[in-house]
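Here are my notes for someone opening this one for the first time. Have the view at hand and go through the points in order.

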Amino acid sequence: MSKLQSQKNYEVLREQFKKERDPERLVVSLCAGSGCGASGTKEVMKALEKEVLKNGLKGKVEIKATGCHGFCEQGPIVVIYPEGIFYPKVKPEDIPEIVAKTIVNGEVIENKLYKDPLSKKRISKGKDIPFYRQQLRIVFGNNGLIDPNNIDDYISMDGYSALVKALFTMSPEEVISAIKESGLRGRGGGGFPTGIKWETCRKAHGDIRYVMCNADEGDPGAYMDRSLLEGNSHSVLEGMIIGAYAIGSNQGFVYVRNEYPLAVKNLGIGIKQAEEYGLLGKNILGSGFDFTVKISRGGGAFVCGESTALMRSLEGKVGRPRAKYVHTVDKGYRESPSALNNVETWANVPIIINNGPEWYASLGTEKSKGTKVFSLVGKVRNTGLVEVPMGTSLRTIIYDIGGGIPKKKKFKAVQTGGPSGGCIPEDFLDLPVDYERLAEVGSIMGSGGMIVMDQDNCMVDLARYFVDFLKNESCGQCTPCREGITQMSEILTDICEGNGKEGDIELLEELATMIKRFSLCGLGKTAPNSVLTTILYFREEYEAHIRDKKCPAGVCKALFHYEVDEELCNGCHLCALKCPQEAVTGEKKEPHHIDQDKCIKCSICYEACKFDAILIK
Amino acid sequence: MERITAIKGELQVKIEPIDTVYLDKVLEQNMQDPENLIMILQDVSAKYNYLPREVLNYVVERLNVSMSLIYSAATFYKAFSLKPRGKYIINVCLGTACHVRGAEKIKESLEERLNIHEGETTENLKFTLETVRCLGCCALGPVITVNETSYGGLDRGKALKIIEKYEDEA
């Protein structure tokens with residue numbers, strides 16, 4: 001393929017790709033993201049190819065391995081276009097029937113359709129499923145429609161047209177004002193206005209400027225950046241090129257976690273294809289503007305998501321943050337002005353340029369515009385990636401889209417913002433989610449992790465989990481963070497092991513305040529959030545651990561034991577069969593008994609019992 | 001002084017032959033630039049499963065940097081190990097979503113089964129058990145990976161079955 005030399009060249013090519021892709025043609029889209037991959041996409045793909053060949057459909061139906069469709073719980077997902085018939089949890093053995101009935105005859109196979117757990121109704125089209133119906137997927141929408149390793153697909157859906165518009169009809173300053181007017185804020189957690197960041201970087205003193213994409217998605221429980229890079233890396237690249245044009249940069253970097261091998265691979269292919277078309281490299285589309293992008297793979301350190309640490313890591317050094325009295329937009333990578341934005345932020349840029357800042361600013365709340373992708377995970381029926389306008393309530397996200405809490409359990413809290421965020425209790429379920437509202441209740445937006453917890457999750461254990469995580473991830477150079485978090489971890493471990501003392505809660509609060517005030521970087525400054533919010537909203541649980549030596553949720557092993565409720569137990573014997581320690585005994589149809597000396601509290605019996613006869617005491 | 005000897009002791013467990021052809025290729029791909037050190041070490045790790053001392057000496061020489069610089073990066077980043085690791089590296093995801101769905105229990109049962117603790121390698125150099133904070137398959141938790149393959153929606157039984165499959169392989 002020869003390089004595109006002008007706007008005209010691009011437009012001719014785009015029209016050609018559009019023509020080649022009749023919207024009425026038969027396409028089988030199979031999710032090949034990491035999530036569905038772990039559920040067995042490869043085998044489904046093989047079966048599909050074999051079956052298409054066998055039925056002589058080669059050339060008549062297009063099989064497309066796409067990026068993440070978002071509804072990971074139901075993977076592997078197969079969607080058949082043009083109708084959009086949605087088959088969840090597809091196994092290789094389902095394929096012959098799907099090909100024979102749906103692809104050949106256009107019949108819908110009723111019993112393979114998605115069944116709504118609430119209404120118990122079968123739903124044939126993806127867009128009618130409650131999980132998708134209430135979303136607004138402007139950033140994520142194309143993920144299920146394009147082949148991430150085929151740039152032609154992206155171009156056929158007007159991909160890179162925002163770049164053309166910016167390069168040929170807008171000055172760099174006009175691009176910056178459009179981003180400023182749109183109200184776009186950093187999606188990586190900080191929520192800093194993107195346009196202002198770009199403007200400062202453009203005006204900063206220096207000859208060379210860099211733009212960077214932060215794909216070091218370290219927040220455990222969030223994976224939208226991985227899914228975007230895997231499924232639609234061109235949208236991120238296009239955003240970066242526009243940003244580079246606006247800022248006046250010729251060199252960009254994507255700093256991506258090495259734990260995301262598929263994202264690294266697909267991004268690499270994306271860069272190569274964009275270079276082949278002349279959309280990256282020297283003299284982009286004949287505009288005279290040069291820009292190249294390099295991938296840098298991270299070494300697995302959470303702190304490298306922090307801007308100054310990330311830039312040290314890019315320089316091949318140990319990723320230790322520095323104080324930010326000099327901002328990275330003035331002096332970042334190689335001491336030059338550097339604009340760092342998150343993956344999702346970059347992916348928003350082409351959308352704003354294409355649709356105009358006014359349209360974008362019409363979505364969301366007063367100070368938080370556009371949409372946000374959340375990774376809705378944990379104890380919720382429909383887990384997956386959810387994109388909604390800013391200001392959507394937690395209740396809508398968790399209950400209407402997420403389908404509520406499974407197994408008739410009770411909602412307890414939702415944790416937003418990852419290790420730096422906080423837990424939000426039931427009282428605030430109607431909170432509209434935006435940067436300000438989350439901060440008001442002590443949490444943060446973060447990169448969009450949303451972990452739902454039910455009655456079986458212990459909040460003290462959760463705080464201990466996050467503090468432990470941060471203890472291991474602290475770079476160790478500043479004392480408040482290194483020593484303070486270690487002390488908090490020790491106190492929390494004591495509480496969870498039944499060695500909590502009166503005054504521990506107050507001591508935790510004091511430590512937390514100190515760590516927040518005096519830590520050098522964002523990791524330390526936000527580290528105590530999970531402890532502070534769990535104390536604020538679930539103090540009685542801490543007190544139960546410390547005073548009564550009980551873990552009400554039945555998580556902290558030293559603080560509870562299982563007992564059989566003799567009235568509820570009908571002696572079905574299931575728990576006894578499943579117990580790995582042979583600790584449960586009893587005759588069939590007679591109440592059973594747990595031998596406390598043998599029991600290792602593995603919770604297998606508790607989860608197996610269908611009659612709620614195993615009690616946490 | 002004592003600490004350094006201890007470190008040396010660990011490193012001398014196994015003498016690796018230096019594959020200069022591979023290393024030269026890696027260094028060339030990374031333009032022999034110390035700025036790409038982390039990626040160079042990743043490629044070394046991909047081949048040897050750890051960072052052998054002899055290989056690091058070679059990297060020091062070719063990049064013209066100090067061993068202390070390499071050592072600081074090798075010990076700072078979680079992806080690197082200075083000790084030999086097993087043929088199959090099992091990573092148990094302990095991300096939040098996996099944690100709330102009982103990842104800890106999966107880790108415990110694997111520890112019991114393989115008779116090693118987190119971060120250790122079995123004597124026959126077959127398995128290394130590690131933990132990772134999030135693999136980004138949060139909707140399918142608990143998740144483990146064995147080398148590059150991911151397995152989702154696990155419980156104890158399913159996790160042990162996966163390990164059995166690898167145990168049976170030569």
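1. Start with strand 13 (residues 411-416) and strand 14 of chain A: they run antiparallel and are joined by 4 bridges. Strands here are DSSP E runs of at least two residues, helices are H or I runs of at least four, and both are numbered from the N terminus; two strands count as paired if DSSP finds at least two bridges between them. Look for Thr416(A), which sits opposite Gly422(A) of strand 14 of chain A.

2. A word on the model: it is predicted, with local features needing pLDDT of at least 70 and side-chain atom pairs pLDDT 80 or more, while totals for chains, interfaces and linings use all residues. Residues count from 1 along each chain as written, chains are lettered from A and ligands numbered from 1 in written order, and side-chain values use heavy atoms, leaving out hydrogens and water.

3. Which sheet do these strands belong to? It's an open one of 5 strands in chain A, in the order 12-11-15-13-14, with mixed pairing. Strand 12 (384-389) and strand 14 (422-425) of chain A are the edges, each having a single partner strand, so one side of each has no neighbour in the sheet. On average, neighbouring strands are turned by 30 degrees against each other, direction ignored.

4. Now strand 11 of chain A. Is it mostly covered or uncovered? Mostly covered: 8 of its 8 residues are buried (under 20% relative accessible area with a 1.4 Å probe, protein chains only).

5. Helix 10 of chain A lies across strands 11 (371-378), 12 and 15 (449-454) of chain A, at about 115 degrees to strand 11 of chain A. Such angles run from 0 to 180 degrees between N-to-C directions, using axes fitted to C-alpha atoms, for helices over the stretch in contact (contact being heavy atoms within 4.5 Å).

6. Finally, the largest nonpolar core has 121 residues, and Tyr160(A), Phe291(A) and Ile398(A) touch the most other members. Helix 10 (residues 224-247) of chain A gives the most to this core, 12 residues. Such a core is a set of buried Ala, Val, Leu, Ile, Met, Phe, Trp, Tyr and Cys residues joined through side-chain atoms within 4.5 Å.

Conventions:
Buried < 20%, exposed > 50% of the residue type's maximum accessible area, 1.4 Å probe, protein only.
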